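Morning, everyone. Please bring up the model on your screens, and I will walk through it chain by chain.

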Amino acid sequence: MSAVVTRSTPASRVAMVLGLVALVVLAAAPWWAGRADMRLMGEIYLYLSLACLWNLMAGYAGLVSVGQQAYVGFGGYMLFALTVFAGLNPVVAILAGGLLAAALSVPIATLIFRLKGAYFAIGTWVVAEVFRLSFAQIQALGGGSGSSLPVAVVKELGAKKAAREANAYWLALGAAVVVLASVYLFLRSRRGLALTAIRDSETAASGLGIDIWRTKLEVYVVTSAFTAIIGGLIFLQKLRISPDAAFSVNDWTAFVIFIVVIGGIGTLEGPIIGTLLFFALREVLADFGTIYLMVLGLVAIVVMLKAPKGVWGLIRERYDLELFPLSYRVKGKE
Amino acid sequence: MPEATLTLSNLDAHYGDFQALYGLDLELAAGEVVAVIGANGAGKTTLMRSISGLLRNRPDAVRYRGQPIGAMRADQVAALGIALVPEGRQLFPSLSVEENLMIGGKVGRAGPWDLGKVYELFPILEERKAQASTSLSGGQQQMVAIGRALMANPDLILFDEISLGLAPVVIRQIYQALPSIVGEGMTAMIVEQDIAQALAMSSRVFCLMEGRIALEGRTEDVTHDQITAAYFGVEA
Amino acid sequence: MIEWTGAIVQGVLLGGLYALFAAGLSLIFGVMRLVNIAHGDLIILAAYMGLTTTVMLGVHPFLALLIVMPLMAGLGYALQRGVLNQTLGDDILPPLLVTFGLSVIIQNALLEFYTADPRKLPGGAVETASLDLGGITVGVLPLLTFGIAVAVIAGLQFVFYRTSLGRGFRAVSDNQDIAQLMGLNKAHVFGLAMALALAVVAIAGILLGMRTSFDPAIGGGRLIFGFEAVIIGGLGNLWGTLAGGVILGVAQTLGAKIDPGYQILAGHIAFLIVLAVRPNGLFPRVEH
């Protein structure tokens, strides 16, 4: 009897087929879904992307940030600045915003990586506050009260309203697919393995010759760039930006953290489940405003204390499922 | 027969999937001094951690004067009068010498031991009392660790490898102090790799091997060959 | 020139308030390596508790402290033993995320109960009274705040280094297992540390509420100021924390002097400069 080591499982193969079918159905949404539904789905894709990115940082690289709103807001503002002042096409502006965010994140990382653990988290928050206060000082972008995307820029996305909305929807869907695929492929790559090694034991990892600082820096820079791109897409949907909305810790970090924690931190499936649960809860409880947020906070605390691997962790424990084949399995073979 | 001070019955201990102790049975009479010897990894420190409450167990796996204490927290066990001198001294680096001793008296049990009596036993500590505990030599640190345990006025004291890493002359000095401690009617368990020192102090000896008691007997009855066999797991 | 000196003096006094924000944070981190993200929201909670007490009993906010301090201390003990102790361990995620959830809960509970309207504690005459120090006018309340900050830090220092409770704090911080062997129940010791920290938070909250108006959303900002004071001063050094608060306060008032929009930004930039130049803070703890 010999054994083969494999990553895929029947469940993961079924999941892949189902995922592709779902993707085709979702991509066709402009032909079957109403306007409000498309907006909601677009929002879901963007939150899913933010959740996947935050999860990569916190759940895999151990970089627990409460300041990713810095990059969401930065990406949003770059969309406004580069279209209005440089005349770029909105999509190009959003991608350029991602590149600028990557460049900016390097010096920021060299500073805040000096803070350890939880202090790192608050350090990221300080950076986000610096961003918020700085953009509030830029009068050309509307200062503290913000500004709207000019009609001419909006029209570049499509002459008719329906076409614009379909394009914005596809951009959001495309971004979510790219983010999910990138995170998955990254975790499967050699660098992803290094990251997993660091998560399991920093000492052992550095003994294996893994440059921990550099690996974490790479993750920080890449997630920052992607987060800024998602931020650009978010404000392309909103069409209006202000410092408080762009750099909101509640909207872009608290919700994202709750999504990941409730779904299951440190797993790829967690953010997906968490996003679906989060929006389901929101649709049911949103009318209650503050109560809804308190319930969300409470659920996150209970999950963290009683089931730290989240909902997906509970499912996986029970059924030994893995939709994104990341771990190796030894299979007996006749 | 008087009630035993310490009774272990069918004591197991695990670290995750690894089992370190297998069904240990052992009894200590009041005032008795026993030695526990064994090679590295035989389970000696695990035994100490199980008795002192750092490893939790079934309630009746460890009994102290008949009371089941196996599931108690270490601070509750300490309050009952069991003190551990841990392997490697483990003083509190943020505390001065005297503060280390005072924190040992935190359990607040009445008895003969106080700062004055510890300083009488180890005069050097009084000279160094305001110093950081980390500034002392290894032997002096061991004195603080012993003094810290005594400050609790325990009825049962556990010594875990108190000669480890110390120079022979220092070991002799420490062991010279022990009779005046256990002479106070204390029950003691001495875990040692330095077999000669341990045997000289004790009336009974247990030899652990791979988590089980391989040999048990009165110190004067066991032979060198028996110990060697139990220690290394080979027939002599 | 005198204007700038005045701004510096105001900044120093403001630093006292920031040191009070920071002291509890520093204490908790020192004893159990816990960073409490809800710290700022607890400060605001204390301010609201002070508001309810002054309104209901018609007493001065300083007298309200007699009620708010024990309440906050009790809340701290209960929170630590009921929730936070379960999060402590090698993994930094659980304490961080649980206190983050707590922060959102407190913020929204305050919003539900007190609405988003800015409120203020009625300090009476002490709010407007001022002294003339050689041409520089100094408010009595800021002066009092600074004095209280110095007293609180001296008091914490005394508890930490001169009392049996403080020995317990340090022992548990050094080695939890061995401290437990000395009869210290770490769950209880941690509870006491959080109680003490939240008693300080109560003082900070009342002083904040008398100085400026507050609303449920400003907790995060207070956490950041406290955190910056801790890092500027150097971890594990309470007097350093006071110095850190003063540096932050001075940076803010000088920034505000240039342009009111720069006040908070200038403080953050001072913090980032210190982080760049002296990552361990200006006065890191020296082992004695």
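Accessible areas here come from the Shrake-Rupley method with a 1.4 Å probe, and for residues only the protein chains shown count as cover. This is a predicted model, so local features need pLDDT of at least 70 and side-chain atom pairs count only at pLDDT 80 or more, while totals for chains, interfaces and linings use all residues. Side-chain values use heavy atoms, with hydrogens and water left out; residues are numbered from 1 along each chain as its sequence is written, and chains are lettered from A in the order in which they are written.

Let me start with chain C. Its accessible surface comes to about 10600 Å². Carbon and sulfur atoms own 67% of that surface. Chain C has twelve helices and two strands. Helices (H or I, at least four residues) and strands (E, at least two) are DSSP runs, numbered from the N terminus. The order in chain C, from the N terminus on, is α-α-α-α-α-β-β-α-α-α-α-α-α-α. The radius of gyration of chain C is 19 Å, close to the 19 Å from the globule rule for 288 residues, so chain C is as compact as a globular protein of that length. That radius is taken over C-alpha atoms, and the rule is 2.2 Å times the number of residues to the power 0.38. Along the principal axes, the C-alpha trace of chain C spans about 60 × 45 × 35 Å.

Now burial. Of the 288 residues of chain C, 58% count as buried. Buried means under 20% relative accessible area, exposed over 50%, partly exposed in between (1.4 Å probe, protein chains only). On contacts, meaning heavy atoms within 4.5 Å, take the pairs in chain C with a separation of 6 or more. Residues 24 or more positions apart account for 77% of those. Then charges. Lys and Arg count as positive and Asp and Glu as negative; His and the chain ends are not counted. Each charge is placed at NZ of Lys, CZ of Arg, CG of Asp or CD of Glu. Chain C has 13 positive and 14 negative charges, and their mean positions are 10 Å apart.

One residue in chain C deserves a look. Which residues does Gln80(C) contact, beyond its neighbours within four places in sequence? They are Met32(C), Leu34(C), Asn85(C), Leu88(C), Phe190(C), Gly191(C) and Met194(C). Gln80(C) sits in helix α3, residues 61–82. Its relative accessible area is 0%, so Gln80(C) is buried.

Next, chain A. Chain A has 16 helices and four strands. Its radius of gyration is 20 Å, close to the 20 Å of the globule rule for 334 residues, so chain A too is as compact as a globular protein of that length. The C-alpha atoms of chain A fill a box of roughly 70 × 50 × 40 Å along the principal axes. Buried residues make up 53% of the 334 in chain A. Among its contacts between residues at least 6 apart in sequence, 77% join residues at least 24 apart. Chain A exposes about 14600 Å², with 67% from carbon and sulfur atoms. It carries 27 positive and 18 negative side chains, and the centres of the two sets lie 4 Å apart.

How do the chains meet? Of the two pairs of chains in contact, chains A and C share the most contacts. Chains A and B do not touch, and their nearest C-alpha atoms are 16 Å apart. Between chains C and B, 18 residues of chain C contact 22 residues of chain B. The area buried there is about 1900 Å², and carbon and sulfur atoms give 59% of it. Buried area is the accessible area (1.4 Å probe) that two parts lose on being put together, summed over both. On the chain C side, Arg167(C), Leu181(C) and Met182(C) lose the most area to chain B, together 35% of what that side buries.

Last, three spots in chain B. Asn10(B) is not a glycine, yet has a positive phi of about 50°. Asn10(B) lies in strand β1, residues 6–15, and is partly exposed at 44% relative accessible area. Glu210(B), also not a glycine, has a positive phi of about 45°. Glu210(B) is in the loop between β9 (204–209) and β10 (212–218). Is Glu210(B) buried or exposed? Exposed, with a relative accessible area of 59%. Finally, Ala229(B) belongs to helix α9, residues 224–232. Ala229(B) counts as buried, at 17% relative accessibility. Ala229(B) and Leu215(B) are 14 residues apart in sequence and 9.0 Å apart in space, C-alpha to C-alpha.
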